[in-house]
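Welcome, and please take a moment to look over the sequence and the 3D view. The briefing that follows walks through some strands, helices and chain contacts, topic by topic.

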Amino acid sequence: MGKHPLGLFIRNVSKKYANGVQALHNVSLDIPPGMYGLLGPNGAGKSTLMRTLATLQEPDAGEIHLGDIDVVNQKEAVRQTLGYLPQEFGVYPKASAEELLDYFAVLKGLTNRAERRATTEALLRQTNLWDKRKQKLGGYSGGMKQRFGVAVALLGNPQLLIVDEPTAGLDPAERVRFLNLLSELGENSVVILSTHIVEDVAELCTRMAIINKGQILLEAQPLEAVAALKGYIWRKLTDKSALPALEQEHQIISAKLLSGRTLVHAYSPERPGNGFDAVEPDLEDVYFSTMAGCFGPTGQQQAEGQAR
Amino acid sequence: MKLQTIFALEFRYQLRRATTWLYFGALLVLAFLIIVANYVPDARDGYYLANAPVVIASVAVVCSGFWLVIGASVAGEAAARDVQTRMHLLTYPAPTSKAAYLGGRFGAALALNSLLLLAVPLGVMLAVYCAGVEDEVLGPFRLATYLTTCCFFLLPNALFGTAIQFSVAALGRRAMGAYLGTIILLAATHLLGYVLPEAGERRHLVDVMGFTPMTKWSTLERNTRLVMLEGSFLLNRLLWLSTSLGLLALTYFRFRFALPESRQQEPASEPKSPVTLQASLSGGTGEARPLVRRTYGWATQLHQLRFLTGQAFQQLVTSKAGLPLLAGLALVFGLTLRGNLKGRGTPLLPRTDVVLHQLTVPLTDVEPLWMLVALLTIFYAGELVWREREARLSDIGGAAPVPEWVLFCGRFLALGLVLVVWLALLMVAGVVAQVALGGTPEIGLYLQMLFGLQLVDCLLFALLALLVHVLVNQKFVGHLVALLAYGFIVFAPKLGIEHKLLLFGASPLWTYTDMAGFGSTLAPWPWFKAYWVAWALLLAVGARLFWVRGREERPAARLQLARRRLTRSTVLFAGVAGAGILLFGGFIFYNTNVLHDYTPAAKTAKQRAAYELRYRRYRNRPQPQLTAVKLHVEIYPTQRAAAIQGTYLLVNHSPVPIDSVHVATGTEMGVETAALAFDQPAKAVLVDAEQGYRIYALARPLPPGDSLRLRFRITHRARGFSNDGADALVLANGTSFGNREWLPVIGYQQYRELDEASARKAYGLAPRPATYSLYDTAARRYAPFPGLIRFEAIVGTDAGQTAVAPGTLRRTWTNAGRRYFHYATDAPIRNEYTFFSAHYAVQEGTWRGPEQKQDVAIQIYYPPGLTENPVRMVRSAQASLDYYSKQFGPYPHRQLRFVAQPSYGFGHHASPIDITANEGFFLLNPKKDKRGFDLVTAVVAHEVAHQWWGNQLKQAYVEGAGLISESLAWYSAMGVVENKYGPEPLRRLLSFLREENETPRSRAAKPLLQADDFYQNYRKGPLALYALSQYIGRDRVNGALRQLLAHHRPGTRPFATSLDLYQELQTATPDSLQPLLHDLFRTNTFWELKTETATAKPLTGTRWQVTLTVQASKLVVDSAGTETKQPMKEWVEIGVFAAAPESEEKGKLLYLQKHLITSGQQSLTVTVPGKPAQAAIDPNYLLIDWNTLDNDKAVKMTSQVQSR
């Protein structure tokens, strides 16, 4: 395959399931090469979008282009340059990692035996599975299995890499290793990372979108979004019993426990007083503000305006 | 409490599933169809009522078998769904006891399966009461019928099936285990069935779904008797009940609330050390992945195809249901070969074609082991289609750049390879078994039939199974649909769908025998298979279009995807396949329906009905009799053609002038009768080519005693093939055809009428029994082809072949590369003859009549190479001619021939002079018969006897006809065996004939004089005649037979009936034995004779006194099954035997006298001249008593000898 002027363009994609759930509603995104984070709560439509990008589902309406490839109608061409790590997947328990990776290598078009061997070896080493390559996959831990999935996704240097909730089952060390792998690939491919963990995006992604209930709420660069929120976020330590009253008065975007007390963050253009202190916003505040509906395209100059 | 909750959840969960109701519906429809399509027509034919208890029970048995295979998912899911959906992570740690968990799940499965099986009585009721079945074939509604069916069949079956399936699935943690367990169970019970003794109902013990013990029932019982838990049926139920409970107990004890993975070794410690962490943090760029070339195109796709095929093949073969199971099945084939290679219980020479006849079975045939292979194919197809999704790898796999056709073809090729492995295993099993039996395998033939012919059937079905699984996209429903498709292929002919263009994979049967090779049977094969391969290609296109990939499984979405996948090359491919279907289908249709008349059974029946309706009124028209036949026959074996020119001499033997001649011409396919002409002016007033009926009005009526000639020409050319295959009368080697098939006959031919009662009714014909009553005096006036003719024929054939026809071979010559044979009879023969042409080897012998100074040449025309039996046959024929001519009268001809005809069969047809012998007969190997019985010699004696009984004495076409042809032939053969070979061979022949008594059958029957079935004609009749000969003397019986023949000279009327035989026997029987004669022939009488005790004490010298207590009774059973006790007062033999030396069954006879025995218990005392060991009542089994095991008893010594 020749070099595509890479970039993924998603226009007005909608998908409604047979049970009536509107999984995607008029989603449009421009995704340039590099790491792109898709952030949203469970059930927001992330996986539907990812599967649609991975040619496994059909959108009801809308267009998707990867460079000059029509993703909906030229599935074969997409697949030839695609790496996909689903949110949930299984393995053949009686096959070894080496065998199964070799299997997928052939499926991905690595027909030359020597090259295939070199590739699988490199991937197994990179994912730190080399020592366990002969072990049956049935005996793998969740993290090892996840790393194996990464190895499969990375086979053949994909131009489009879709990883759906990849860090969910990983321990901290594995997560770091995994994110490193990803960022390395993000240098010259489109890498889309869907997650509900804000840190993943904060640490890695140059661009991101927040999705909820099938709609894109925000499309932004994390750093700019955080900067745009500066001066709007306030914190207060309070008691749980006081929370309903506070919610009446203020735009509370998040509340979490801290040493037995409740730490609330509020969104407000000016100091709300009443014991609230200014706080340096982070991406989590961007996320919660967006989810709460107080931070959106209006606050972001470059964002597409039609999300709501 | 927990148990109830678990039960309720599972029950409701499965009850809401569509599949559950699909199974219910399938069972309902099946039960409905079995009644409507099978039992209602049977009932109309007068077998038994369509709603008789035993009918409903057997529907329950068949449906249960079906349910066992399709419904496996219910128990399988209940047992293993938790593991497969990974719910077990939640359910197993819950504080539930094993008993509650397993009990709840099993209980729910059992309840669901019971519910499913209730579809059977429902389907039956629908068929009986809502399908417009007429009242005449129905009995009254009886609740007890349905209750017994449910309680003794369906519900126990639900328990047994569920227990087995649940246990396998629970212990194997796979729902599919239930399906697999079922297949293994069926294979195992099938094998077990072979091991158990063949006779009796004992082999049914292992039928897990039960059986209907009705073989012994009379018509009356079949209509009314409830199937109760008794006898071997009770044993069957108990056996499976205990097996089921045992399995459940095992499941309870072996089941663990443990995760399947956790039993494997724990993964070695995770790399969590700081060093690794650091390495990982920094390592990323250190090991750059090599840049790889990824190429896409044909080469890659082929590479992927090869790879995927290998992977899938390996997956199937290495699974438990793969190689081990297939090898096991092949082993069953190998082990059962010895038992199957038998003709009438005599082993066959293990020639390759015979072995392969056992091994190869067309897809459309019902053969248990091959049905299992079909089931396995369906199972494998399901595994292949579902494996990736079940391992939850389908998202990754689906996103890989592999075209759908590679994904589908890879799986198909893998399945194909598995089937190749199966055939290879089968071949090994066949070859090893053949060598073990002393045969020499022809490997080429094995390869040709297994990998040339059988494999194509296997592959076609494999493709169908895969397609079904792809389209249905629900595993268990896929199994159900594939099974239904298979059921349709196998059983569609029963539903009236017979055209092989409509039955997937079907083609007309091919046969291969050493003598004829494939003959012309293989001719249609390539066309039909090409047609089905074209269909298969089209199906493959369908499978590609609808291949499920990714998450879109809704039909609408799949349809949309399919439309998108419809590329130009796909359309082109489908177009080529479609063109192939049209082309090959068109050619086949041209052959089957244009060149040939496509006549399914119904159409043949219609034709026969029309014949009877239109022309039966002419049956009593006086017609001239055929007295001489002169033919010129040209056989062209390689062209599958023949031409006959003939002249009939017809004489008016009637007392009135005859003004019109009715000619029945052959209606066989490819036979043309032309140029019919009389030697005096005549006009065709009716020519009905379809029914083969012509009427010629003579310009001048033929006065009594005058004659006229009829000339005709017949041409036969096999053209193409029909739906049943190519015409197989004229073959490259092994041609045989007779006058009955092709040549004109004078007058209305009753044998062309329709016999089945229901068909007669359907076509509005007067009801009559299939066989005319013995007491129907009008019917007694008919016999097929009875007249005597002088016969002369010149037969031409290929130079390398020998042509055979009746009579003396006057001359043989060669002309223009063809060889001619001129045959003429020296004495008149009955108007039945056959022409043969083949490469034969000939065994010759002569028999010289002692006084007549008559030489008879005995010639056996046999398949070259099989030299063993012809020698034996000549010897037996000589002995037979010797004995029969002395006992019954002269043999009128100067030759006696047995001529081989290609066939797997063993039977004969005894025309005058020339007896047709099927090829299989020459393969019989009596030397290996463990019974020490020489079947070949006995059968030859039987066939030669037909030269008297059937060819000299012509029987009327009514009940009892078999008694004076077949029974007399066997009875006569006994005399030959005794005279020439001695008493021991006779004893073995009698024991062979008595073997049939062990086959369970109803005692209800008509008396022997009205014999009309195999058992009466070939077994009971000869044994009764033998018994009579032992009571009144063989000479007296033979004298009566001589008289019978004298009173019915060949070619004269009236034809003999069993009443004439009875009259002669009455004359020969002294008054004291008239009651016995009556009991043997006039009524259907059974004796029950038993020795209860036998004791002995020594007298002076070597003499001993033996005392027997015997029990005796006699009853008469009518044809409906009503039993009537009769007072018994009979002279019955009492025998005492010395101890048997080793290797022999019976010891020396010490005493044999007839005693007068009456009903009830009685005691007898006899004195014998030696130490007795056994005493018996009726030791020679003369009286008809089906239980002969209790006739004898070991003799117990009284006090004096106990010191010993």
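In chain B, Asp688(B) stands opposite Tyr693(B) in strand E8(B). This is a predicted model, in which local features need pLDDT of at least 70 and side-chain atom pairs count only at pLDDT 80 or more, while totals for chains, interfaces and linings use all residues. Residues are numbered from 1 along each chain as its sequence is written, and chains are lettered from A and ligands numbered from 1 in the order in which they are written. Helices (H or I, at least four residues) and strands (E, at least two) are DSSP runs numbered from the N terminus, and two strands pair if DSSP finds at least two bridges between them.

**The sheet around E7 and E8 of chain B**

- Strand E8 covers residues 693-702 of chain B, and six bridges join E8(B) to E7(B) in an antiparallel arrangement.
- Within this pair, Leu686(B) has Ile695(B) of E8(B) as its bridge partner.
- E7(B) and E8(B) make a hairpin with four residues between the strands, where Gly692(B) has a positive phi near 65°.
- Both strands belong to an open sheet of four strands in chain B, ordered E7-E8-E5-E11 with antiparallel pairing.
- Strand E7 (682-688) and strand E11 (745-746) of chain B are at the edges with a single partner strand each, so one side of each has no neighbour in the sheet.

- Helix H19 of chain B runs over residues 443-472; its 30 residues should span 44 Å at 1.5 Å a residue, and the 41 Å between its end C-alpha atoms agrees. The expected span is 1.5 Å times one less than the number of residues.
- H19(B) bends by about 40° at Leu455(B), where the bend is the angle between axes fitted to the seven residues ending there and the seven starting there.
- After H19(B) comes Asn473(B), with a positive phi near 60°.
- H19 of chain B is also a packing partner: together with helix H14 (323-340) and helix H18 (404-436), H19 meets the buried residues of H15(B).
- Those buried residues of helix H15 (residues 352-359) of chain B are Thr352(B), Val354(B), Val355(B), Leu356(B) and Leu359(B).
- A residue is buried if 20 or more other C-beta atoms lie within 10 Å of its own, exposed if 12 or fewer, and partly exposed in between, with C-beta atoms placed from the backbone.
- Arg222(B) lies in helix H10 (residues 219-224) of chain B. Arg222(B) is buried, because 20 other C-beta atoms lie within 10 Å.
- Arg222(B) and Val54(B) are 168 residues apart along the chain, yet their C-alpha atoms are separated by 6.1 Å.

**Chain B as a whole**

- Chain B contains 34 helices and 31 strands.
- For its 1204 residues, a compact globule would have a radius of gyration near 33 Å, and the 35 Å of chain B agrees. The radius is taken over C-alpha atoms, and the globule rule is 2.2 Å times the number of residues to the power 0.38.
- The C-alpha trace of chain B spans about 120 × 90 × 60 Å along its principal axes.
- Of the 1204 residues in chain B, 45% are buried.
- Two residues are in contact if their C-beta atoms, placed from the backbone, lie within 7 Å. Among contacts in chain B between residues at least 6 apart in sequence, 76% join residues at least 24 apart.

**Chain A**

- Chain A has ten helices and 14 strands.
- With 308 residues, a compact globule would have a radius of gyration near 19 Å, and chain A agrees at 21 Å.
- Along the principal axes, the C-alpha atoms of chain A fill a box of roughly 70 × 40 × 40 Å.
- Buried residues are 48% of the 308 in chain A.
- Strand E1 (residues 8-16) and strand E2 (residues 22-31) of chain A pair in the antiparallel sense over six bridges, and Leu8(A) has Ile31(A) in E2(A) as its bridge partner.
- Five residues separate E1(A) and E2(A) in their hairpin, and Gly20(A) in the turn has a positive phi of about 95°.

**Where the chains meet**

- Chain B has 47 residues in contact with 50 residues of chain A.
- On the side of chain B that touches chain A, H13(B) gives the largest share, five residues.
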